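Welcome, and please open the model in your viewer. We will walk through it one selection at a time.

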Amino acid sequence: MGDLLPVTTATLVRAERAQPLPERPAAVPSPGEGKSMTCRYCFAPGRWHTTVGGAWIPMEPDPFPAYRVPARHRWRIAPDGTAVPLGRAVPADTCRVSHFSVCPARPAPVESPALMARWRSHGGRG
């Protein structure tokens, strides 16, 4: 048994040296970042995220102050990348908004000046 360990070690070291180094894998985005997308209607950038129910939803890339967004439009992105409806929030908190809420291919979000401004910036006419 005492002779077996040095022989095995030497064999493994030789085998390791003979093998080419594996290529470094490409950087994998964090699941919390979502998958990049561009809206086919207004060409605005966004990110796809899955919902708790397994559906996909396009989200605007930047956060909004929660107090400027109606509760039914508020979302939170969990660390694993899942989009979760936020609803109530502390006024100082931030939230995310679905691209569906601000895409000019849909009706204008007249209940929120912040969403209306984003809707217009994406090409909507009000």
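Two residues are in contact when heavy atoms lie within 4.5 Å, and buried means under 20% relative accessible area. Keep in mind as you look around that this is a predicted model.

**First stop: a helix.** Select residues 113-121, which make up helix α2. Now show the side chains of Ala114, Leu115, Met116, Arg118 and Trp119: these are the buried residues of α2. An α-helix has 3.6 residues a turn, so residues three or four places apart point the same way.

**Second stop: a sheet.** Next, bring β1, β2 and β3 into view. These three strands form an open sheet in that order, with antiparallel pairing. Colour β1 (35-38) and β3 (56-59) as the edge strands, since each pairs on one side only. Turn the view to follow the twist, which averages 40° from one strand to the next.

Zoom in on β2, residues 45-50, which four bridges join to the antiparallel β3. Pick Arg47 and look across to Met59 in β3, which stands opposite. Then pick Trp48, whose bridge partner in β3 is Pro58.

**Last stop: the hairpin.** Between β2 and β3 lie five residues. Select Gly54 in this hairpin, and you will find a positive phi near 95°.

Technical notes: Residues are numbered from 1 along each chain as its sequence is written. This is a predicted model: local features need pLDDT of at least 70, side-chain atom pairs count only at pLDDT 80 or more; totals for chains, interfaces and linings use all residues. Side-chain values use heavy atoms; hydrogens and water are left out. Buried means under 20% relative accessible area, exposed over 50%, partly exposed in between (1.4 Å probe, protein chains only). Helices (H or I, at least four residues) and strands (E, at least two) are DSSP runs, numbered from the N terminus. Two strands pair if DSSP finds at least two bridges between them. Axes are lines fitted to C-alpha atoms, for helices over the stretch in contact, and angles run from 0 to 180 degrees between N-to-C directions.
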